[in-house]
Amino acid sequence: MRGGARRTKKGVAFMLARFCQPSDVYALKRYLERSLSELQNRGNQPSCLGALLHIERRLGIRLSQDLLAPEGLWDRWSAAGFLETADPSHWEREVAGWIELAESLD
């Protein structure tokens, strides 16, 4: 069940990033504020962060600074467990790649 929930949240992150609405920034940020506070909660946070950063860039807004501040929630969460990379821009590029692929299939 947990694996399915992770895939669902990753799919939601992709959908929000693809349709790119201002309200999605707030929804993703609220989710990350809660889930990054739980260091044992591992799974879809990188995808959600990538989606948040992608939407911010596309809309020209920036709300993620506090999440990404040195010693902030992202730093503490990413240091608590194995990640391919803790670099937030890596996760934004991954989400952008998903969107590019989806749009090429439209």
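Val-12, Met-15 and Phe-19 together make a nonpolar surface patch of about 280 Å². The model described here is a predicted one.

Phe-19 belongs to helix α1, which covers residues 2-19. With a relative accessible area of 54%, Phe-19 is exposed, because the exposed class begins over 50%.

Ile-99 is found in helix α6, which runs over residues 88-105. Its relative accessibility is 3%. Buried means under 20%, so Ile-99 counts as buried.

Which residues touch Ile-99, apart from its neighbours within four places in sequence? The contacts are Phe-14, Ala-17, Arg-18 and His-54. Ser-23 is 76 residues away from Ile-99 along the chain, and the C-alpha atoms of these two residues are separated by 19 Å.

## Aromatic rings

The structure holds two aromatic pairs. One of them is formed by Phe-14 and Trp-98. Phe-14 lies in helix α1 and Trp-98 in helix α6, so the pair links parts of the chain that are distant, 84 residues apart.

Are the two residues of this pair buried, partly exposed or exposed? Phe-14 is partly exposed, at a relative accessible area of 23%. Trp-98 is also partly exposed, at 22%.

## A charge over a ring

Another ring, that of Trp-77, has the charged end of Arg-42 sitting over it. The distance from this charged end to the ring centre is 3.8 Å.

Methods
Residues are numbered from 1 along each chain as its sequence is written. This is a predicted model: local features need pLDDT of at least 70, side-chain atom pairs count only at pLDDT 80 or more; totals for chains, interfaces and linings use all residues. Side-chain values use heavy atoms; hydrogens and water are left out. Patches are made of residues with over 30% relative accessible area and no salt bridge: like charges are joined within 9 Å, nonpolar side chains (Val, Leu, Ile, Met, Phe, Trp, Tyr) within 5 Å. Accessible areas come from the Shrake-Rupley method with a 1.4 Å probe; for residues, only the protein chains shown count as cover. A salt bridge is a side-chain nitrogen of Lys or Arg within 4 Å of a carboxyl oxygen of Asp or Glu. Helices (H or I, at least four residues) and strands (E, at least two) are DSSP runs, numbered from the N terminus. Buried means under 20% relative accessible area, exposed over 50%, partly exposed in between (1.4 Å probe, protein chains only). Contact means heavy atoms within 4.5 Å. Rings of Phe, Tyr and Trp (its six-membered ring) pair if their centres lie within 6.5 Å; planes under 30 degrees apart count as stacked, over 60 as edge-to-face and the rest as tilted. A charge sits over a ring if NZ of Lys or CZ of Arg is within 6 Å of the ring centre and within 35 degrees of the ring normal.
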